[in-house]
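Me: I am new to this structure and would like to understand the grounds for what is said about it. Please take my questions in turn.

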Amino acid sequence: MSCASVLFGSEFSVDEISKTRAANGLLTMEIEVGTVCNFLCRYCYVGDCHAQALGDKHELTLEEIRDVVGQAQALGARKIILLGGEPMLYDFTPELCEWIRGRGLAVELFTNGSNMTSSMAALLFKMGVHVVLKWHSSDHRVQDWLAGVDGAALVMDEAYRNLRAAGYPSASTRLALSTVICRQNIGDLPELWRWMRSEGIEPYFEMITPQGRARQSGHELSPSVEETRRLFETIQAMDRDQFGRVWDAQPPLVGNVCLRHSFSCLVNATGDVMPCVGVPLPVGNIRRQPLAKILADSEVIGDLRNHKKTIQGACAQCEKSALCYGCRGAAFQLTGNYLGSDPLCWRNQGQADCSALPISAERLVPHKPPARMVDALTAVAERTATVTASVAATNPHCREGRLTEAAHLELMAQAAAALHGYRTQVRPDGVAQRGMLVGARDFEVFETVRVGDALTVSLHKEARLGTFGVVRAEVHRDGKLVSKAELKTWYEE
C-alpha cells in the first residue's frame, strides 16, 4: 500500500484529481488565518511576522474567510487547510473550524501547539478537526533552537499530551506531526519516523524551502542533497520492511507526492491567491475577483496544472515526470522560474539546467544577430515578465548612434516573443512557433535611446483570444520610462 498520508492529496484518486484539473476546480484549499505568530522559526516561509498586532486591518476578516471557503466548496473543495502565522492565536479559529465542519468539509489545522489546552483539544476532537502539530526533534534544545523561542518545546509537549488525552489519533480524527528536515535533526529522523508510525501518528517530513527566514539562515539549516537522499531512502526501506508501506523516494515530502497545484491553491492572509506557500506569485485577490474566475484566468495556475507539458529542464526529462515535478517552491526560490527544475532533487544533480532565470533570448526568439535586440528573460509572474536588452552598435535600427523611434516597437515585440518562447521553446521537446506583431496603439517615445544603453522591457498580458493577444509593454532605462505601447500579437498554434 502507499504511505496513506492524508496530506496534500493522497486521499484523492488520480481520476478525481484529473477531473478537478480539467474543470479548474479544487479538492483542497489552504488559507492563512493570519500572519501573527509567537514563534520565530528559523525555517519560516513567511519571514518576520512576530511583531504584527492581532486584528491587522489588512488581514482577512472571519466573514471574508467564510466567504472564500464557500467559494472553494462550490468549486469542489472537500478539505480546508488552515495555516498561519499561528492559527490558534486567533480567537475565532475554533468558531471557524466549527463552521467549516458544519458545511461537511474536512479541516486540517497546522499549529505550533499554542493555546492547545486540554479543553481546546477536546473541542477540536469532538468537531473532527485533523491536527498537524510542529515536532522537529525529541531533543528540547533542538526544538527551541529551530523555533527561535526558549520554551517552545514545552508548548509542543503540552499540546501533544492534551491532544492524545482528547483521543487523537482516531480512525476518523487524525494527528500528524510536522517535521522539517535540517542539519540539526537529520540523524534522528528515522527513529522519530518509527516512533510516529508505532503511535498511529502521520509523519509529515518536509524539505525546507529556501525562503523567508530559511533563506537568511542559509547553509546553517540545509543538509546536502546527498544527505537528504540517504534519509529518504533509509526511511523508505524502514517503512516498507517494518510497516508495510511502499512508496517512491522523491522530494519534497518523505513518503508522499506533492502535486497540490493540480487541485489546490493558497489564499494568504490579505486575500492574495497563490499556487502555494513556496511559489508566492499572486494570481488575483479574492477581495477584487471571485475565486473561480481567478483560477480559470490564471496562466501560472494553468501552467502548473498542465505540468506534464510545461515543466522545464531536467525535471521534464525525468522518468518520474508524470507523477512528480519535484518541489515547485524550491525551483522558484532557487532559479526564479516556477516551471524550472528542482535544484534540490538528487535525480537532477550533475545535469545541466537551462531552466534557471535569466534565460538567454537566443533560446526564446527566432531572431538572429544583429536583428535580435533582446538579451534575456529575467522574470516571469502572472501575465507579466521582464526582458533585458542592450543597444549594440551593429543594430540595424540605429541611426547616428541612436535607436529609431519605430525600432522601439520592434524591441517590445521581440520582448513579447521571448515571453511566448518561455512557454513553447524552453522544454526539451519545444518547437519554435511563428508569430508577428499585427498592430499597436498608444505608442509613445519619451527619451532618446543610444548605442550602449541597457534597457528593461516590462510586459503585461492584458488579453488573449485564441492565437491573438494584447500585451502592454514599457521600456525603461535606469528606472525611467523611455517608451510604451499596447501591442497586438499573433502566434500560430
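Predicted model: local features only at pLDDT ≥ 70, side-chain atom pairs only at ≥ 80, totals over all residues.

Me: Why is strand 5 called largely enclosed?

Reply: A residue is buried when its relative accessible area is under 20%, and seven of the seven residues of strand 5 (residues 175-181) are buried, so the strand is largely enclosed by the rest of the structure. Leu175, Leu177, Thr179 and Ile181 point one way from strand 5, while Ala176, Ser178 and Val180 point the other way, and all are buried.

Me: Which strands pair with strand 5, and how do you know?

Reply: Strand 4 (residues 130-134) pairs with strand 5 in the parallel sense over four bridges, and leucine 133 stands opposite leucine 177 there. Six bridges join strand 5 to strand 6, and these two run parallel; serine 178 has tyrosine 204 in strand 6 as its bridge partner. Since at least two bridges are needed, both pairings qualify.

Me: What makes helix 14 mostly covered?

Reply: Of the eight residues of helix 14 (residues 328-335), seven are buried, namely Arg328, Gly329, Ala330, Ala331, Phe332, Gln333 and Thr335. These buried residues pack against helix 8 (212-217), helix 11 (299-305) and helix 13 (313-317). Just after helix 14, glycine 336 takes a positive phi of about 80 degrees.

Me: What is the strand order in the seven-stranded sheet, and which strands stand at its edges?

Reply: This open sheet has the order 10-11-12-16-17-18-15, with antiparallel pairing. Strand 10 (359-360) and strand 15 (435-445) stand at the edges, because each has a single partner strand and one side of each is left without a neighbour in the sheet. Helix 15 (residues 407-424) packs on the sheet, touching strands that include strand 10, strand 15 and strand 18 (480-491), and its direction makes about 55 degrees with that of strand 18. Elsewhere in the sheet, strand 16 (residues 454-465) and strand 17 pair in the antiparallel sense over nine bridges, and threonine 456 has histidine 476 in strand 17 as its bridge partner.

Me: Why is phenylalanine 468 called partly exposed?

Reply: Partly exposed covers values between the buried limit, under 20%, and the exposed limit, over 50%; phenylalanine 468 has a relative accessible area of 46%, so it belongs in that class. Phenylalanine 468 lies in strand 17 (residues 468-477), and together with Met436 and Val438 it makes a nonpolar surface patch of about 290 Å².

Me: Is lysine 480 buried, exposed or partly exposed, and what does it touch?

Reply: Lysine 480, which lies in strand 18, has a relative accessible area of 49% and is therefore partly exposed. Leaving aside residues up to four places away in sequence, lysine 480 touches Glu447 and Val475.

Note on methods: Residues numbered from 1 in each chain as written. Heavy atoms only, no water. Patch = residues over 30% accessible without salt bridge, like charges linked within 9 Å, V, L, I, M, F, W, Y side chains within 5 Å. Areas by Shrake-Rupley, 256 points an atom, 1.4 Å probe, with all protein chains shown as cover. Salt bridge = Lys/Arg side-chain N within 4 Å of Asp/Glu carboxyl O. Buried < 20%, exposed > 50% of the residue type's maximum accessible area, 1.4 Å probe, protein only. Contact = heavy atoms within 4.5 Å. Axes fitted to C-alpha atoms, helices over the stretch in contact; angles between N-to-C directions.
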